[in-house]
Amino acid sequence: MSVETIAEALLEKLKTIAKTETVIGEPVRSGESTIIPVSRISIGMGMAGHTGKSDTATGGGGLRIDPVAFLVLGEDIDDIKVLPIEKAQSALAKIADLTPDVLALLLKNFSKKSEDGVAK
């Protein structure tokens, strides 16, 4: 197998993983707000080949996905917040920090529903 064949196969696989939907995550709707995760993708690859008595080729690649922020969209066009994830803070820690805000938002929407009996 040639280096070119390995490179094409490797790039094709990485391309399917590193698509736009991976960088800008699926929106999550919560009442009147929408939360969209934003990530950074880093791709690295290497390959080598030798032509001689027998052709040999090898290759490898890697992909890293790091969450970098959350976009919080409100009802109004002016109600947009960017909540960055600090480098020293893990994504899990950031989500834990956001949990009280998200819970408050959910409770607010739940109480609206309870008051008039209609889901908002």
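## Close-up views of a predicted chain

**View 1. Phe-70 and Leu-83 face each other across a strand pair.** In the predicted model, Leu-83 in β4 is the bridge partner of Phe-70. Strands β3 and β4 are joined by five bridges and pair in the antiparallel sense; two strands count as paired if DSSP finds at least two bridges between them. A hairpin of six residues leads from β3 to β4. Strands here are DSSP runs of E with at least two residues, and helices are runs of H or I with at least four, both numbered from the N terminus. Residues are numbered from 1 along each chain as its sequence is written, local features need pLDDT of at least 70, and side-chain atom pairs count only at pLDDT 80 or more. Totals for chains, interfaces and linings use all residues, while side-chain values use heavy atoms, with hydrogens and water left out.

**View 2. Strands β2 and β3 run antiparallel.** Residues 33-50 form β2 and residues 56-73 form β3, with 17 bridges between the two strands. Thr-34 lies opposite Leu-73 of β3.

**View 3. Four strands make an open sheet.** The strand order is β1-β2-β3-β4, and the pairing is antiparallel. β1 (28-30) and β4 (80-84) are the edge strands, each with a single partner strand, so one side of each has no neighbour in the sheet. On average, neighbouring strands of this sheet are turned by 25 degrees against each other, direction ignored; the axes are lines fitted to C-alpha atoms, and angles run from 0 to 180 degrees between N-to-C directions.

View 4. Ile-6, Ala-7, Leu-10 and Leu-14 are the buried residues of α1 (buried means under 20% relative accessible area, exposed over 50%, partly exposed in between, with a 1.4 Å probe and protein chains only). These residues cover an arc of only 95 degrees around the axis, which puts them on the same side of α1; the arc is taken from the directions between the helix axis and the C-beta atoms. Glu-4, Glu-8 and Lys-15 are exposed on the other side of α1. The buried residues of α1 pack against β2 and β3, where contact means heavy atoms within 4.5 Å.

**View 5. The chain holds three helices and four strands.** From the N terminus, the elements follow the order α-α-β-β-β-β-α. Of the 120 residues in the chain, 19% are buried.
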